[in-house]
Amino acid sequence: MTMDEYSFIHHASAGLSNNQMQTFMLVYNSRRKNPNDILMATLLGFLGVAGLQRFMTGQYMLGFLYLITGGFFGIGTLIDLFTYKSIANDYNRHLAYECYHIARVNN
């Protein structure tokens, strides 16, 4: 976990009680995407499994388009190769807000 991600999580979980914070972290850690996993999935796109990184982050329509077009003929996969960290960070930020609401509701 990078300092930027830690800072965001700290901000996103502000105002939670200890029990809520435990729930938040449990759910967040079980669902977060590691940027290195996104990178590996992107590299698989060059071997014929384009779009796996998009499926992993819940972007199913885009993942399907990548799959049937070969990663938009390799261009989309190449772009994702350089932006894999932002793909993971965007997913994790959205996930943090979901986890916040789960923690608030469950405790």
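Phenylalanine 72 counts as partly exposed, at 32% relative accessibility. This residue belongs to a predicted model. The protein has six helices and zero strands. Of its 107 residues, 35% count as buried.

- Phenylalanine 72 lies in helix 5, which spans residues 60-73.
- Its phi is near 55°, a positive value in a residue other than glycine.
- Phenylalanine 73 is also placed in helix 5.
- Phenylalanine 73 has a positive phi too, of about 60°, although it is not a glycine.
- Most residues other than glycine have a negative phi.
- Phenylalanine 73 has a relative accessible area of 75%. Exposed means over 50%, so phenylalanine 73 is exposed.
- The 32% of phenylalanine 72 falls between the cut-offs of 20% and 50%, so phenylalanine 72 is partly exposed.

**Helix 3 and its buried face**

- Helix 3 covers residues 35-44.
- Its buried residues are Pro35, Ile38, Leu39, Ala41 and Thr42.
- Seen down the helix axis, these buried residues fall within an arc of 165°, so they line one face of helix 3.
- An α-helix has 3.6 residues a turn, so residues three or four places apart point the same way.
- Asparagine 34 makes a contact at the start of helix 3. One of its side-chain oxygens reaches to within 3.0 Å of the backbone nitrogen of asparagine 36.

**Asparagine 106 in helix 6**

- Asparagine 106 has its place in helix 6.
- Its relative accessible area is 53%. The cut-off for exposed is over 50%, so asparagine 106 is exposed.
- Asparagine 106 and phenylalanine 24 are 82 residues apart along the chain. Their C-alpha atoms are separated by 9.8 Å.

**The protein as a whole**

- From the N terminus on, the elements run α-α-α-α-α-α.
- Along the principal axes, the C-alpha atoms fill a box of roughly 50 × 25 × 15 Å.
- Consider contacts between residues at least 6 apart in sequence: 62% of them join residues at least 24 apart.
- The accessible surface comes to about 6,600 Å². Carbon and sulfur atoms account for 63% of that surface.
- There are 7 positive and 6 negative side chains. The centres of these two sets lie 4 Å apart.

Notes. Residues numbered from 1 in each chain as written. Predicted model: local features only at pLDDT ≥ 70, side-chain atom pairs only at ≥ 80, totals over all residues. Heavy atoms only, no water. Buried < 20%, exposed > 50% of the residue type's maximum accessible area, 1.4 Å probe, protein only. Helix = DSSP H or I, 4+ residues; strand = E, 2+ residues; numbered from the N terminus. Arc of directions from axis to C-beta. Polar contact = N/O pair within 3.5 Å; in protein donor to acceptor, adjacent residues only side chain to side chain. Contact = heavy atoms within 4.5 Å. Areas by Shrake-Rupley, 256 points an atom, 1.4 Å probe, with all protein chains shown as cover. Lys, Arg positive; Asp, Glu negative; His and termini not counted. Charge placed at Lys NZ, Arg CZ, Asp CG, Glu CD.
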